[in-house]
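Let's take a friendly walk through a protein model, going from the overall picture to single residues. Keep the structure in view as you read.

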Amino acid sequence: MTRLRRLLAAGELAIAGALLVPVVPAVAAGAALTAFSAGLLGLYLCTPGMRREGSLLPTEQGTALAKDVWLLGIGASLVIEGVTEHR
């Protein structure tokens with residue numbers, strides 16, 4: 001479990017750095033953020049005990065992962081903005 005935490009932390013820091021560096025295009029940073037948050041939400045959906053039975057509502061243990069849905073929205077909006085901006 002410690003290795004997973006380290007990998008998640010490293011991925012999160014790499015994406016945060018990409019979002020802050022002006023050289024990285026917003027589409028690339030948004031795509032990375034979208035992929036990372038989709039992985040977190042997949043973990044939330046597949047891990048037993050994270051959701052209430054028969055619902056998408058989180059349990060107390062699942063709140064930490066369920067709240068990351070806003071990352072998916074931010075990543076998707078960066079991708080959409082970057083794609084429509086170049087038209």
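This protein has four helices and zero strands. Please keep in mind that the model is predicted. Its C-alpha trace spans about 45 × 30 × 15 Å along the principal axes. Of the 87 residues in the protein, 23% are buried.

Next, let's look at a pair of helices. Two packed helices are described by the angle between their axes and by the distance between the axes. Here, helix α2 covers residues 26-46 and helix α4 covers residues 69-85. They pack at an angle of about 155°, and their axes are 7 Å apart. How are the two helices oriented, roughly parallel or roughly antiparallel? Angles over 145 degrees count as roughly antiparallel, so α2 is roughly antiparallel to α4. The crossing of α2 past α4 is left-handed.

Which residues meet where these helices pack? On the α2 side they include Ala26, Gly30, Leu33, Ser37 and Leu41. On the α4 side, Val69, Leu72, Gly75, Leu78 and Val83 are among them. The residues of this contact divide into 15 nonpolar, five polar and no charged.

Now find Asp68, which sits in the loop between α3 (63-66) and α4. Is Asp68 buried or exposed? Its relative accessibility is 8%, and because buried means under 20%, Asp68 counts as buried. The side chain of Asp68 makes a polar contact with the side chain of Lys67, at 3.1 Å. If we leave aside neighbours within four places in sequence, Asp68 is in contact with Ser37, Leu40 and Leu41. Ser37, Leu40 and Leu41 also belong to the α2 residues that meet α4.

Our last stop is Gly62, in the loop between α2 and α3. With a relative accessibility of 0%, Gly62 counts as buried too. Not counting residues up to four places away in sequence, Gly62 touches Tyr44 and Met50. How far apart are Gly62 and Ala76 in space? They are 14 residues apart in sequence, and their C-alpha atoms lie 23 Å apart. Ala76 is one of the α4 residues that meet α2.

Notes: Residues are numbered from 1 along each chain as its sequence is written. This is a predicted model: local features need pLDDT of at least 70, side-chain atom pairs count only at pLDDT 80 or more; totals for chains, interfaces and linings use all residues. Side-chain values use heavy atoms; hydrogens and water are left out. Axes are lines fitted to C-alpha atoms, for helices over the stretch in contact, and angles run from 0 to 180 degrees between N-to-C directions. Angles under 35 degrees count as roughly parallel, over 145 as roughly antiparallel, 65 to 115 as roughly perpendicular and the rest as oblique. A crossing is left-handed if the near helix is turned anticlockwise from the far one by less than a right angle, and right-handed if clockwise. Contact means heavy atoms within 4.5 Å. Ala, Val, Leu, Ile, Met, Phe, Trp, Tyr, Cys and Pro count as nonpolar, Asp, Glu, Lys and Arg as charged, and the others, Gly among them, as polar. Buried means under 20% relative accessible area, exposed over 50%, partly exposed in between (1.4 Å probe, protein chains only). A polar contact is a pair of N or O atoms within 3.5 Å; within protein, one must be able to donate a hydrogen and the other to accept it, and residues adjacent in sequence count only if both atoms are side-chain atoms.
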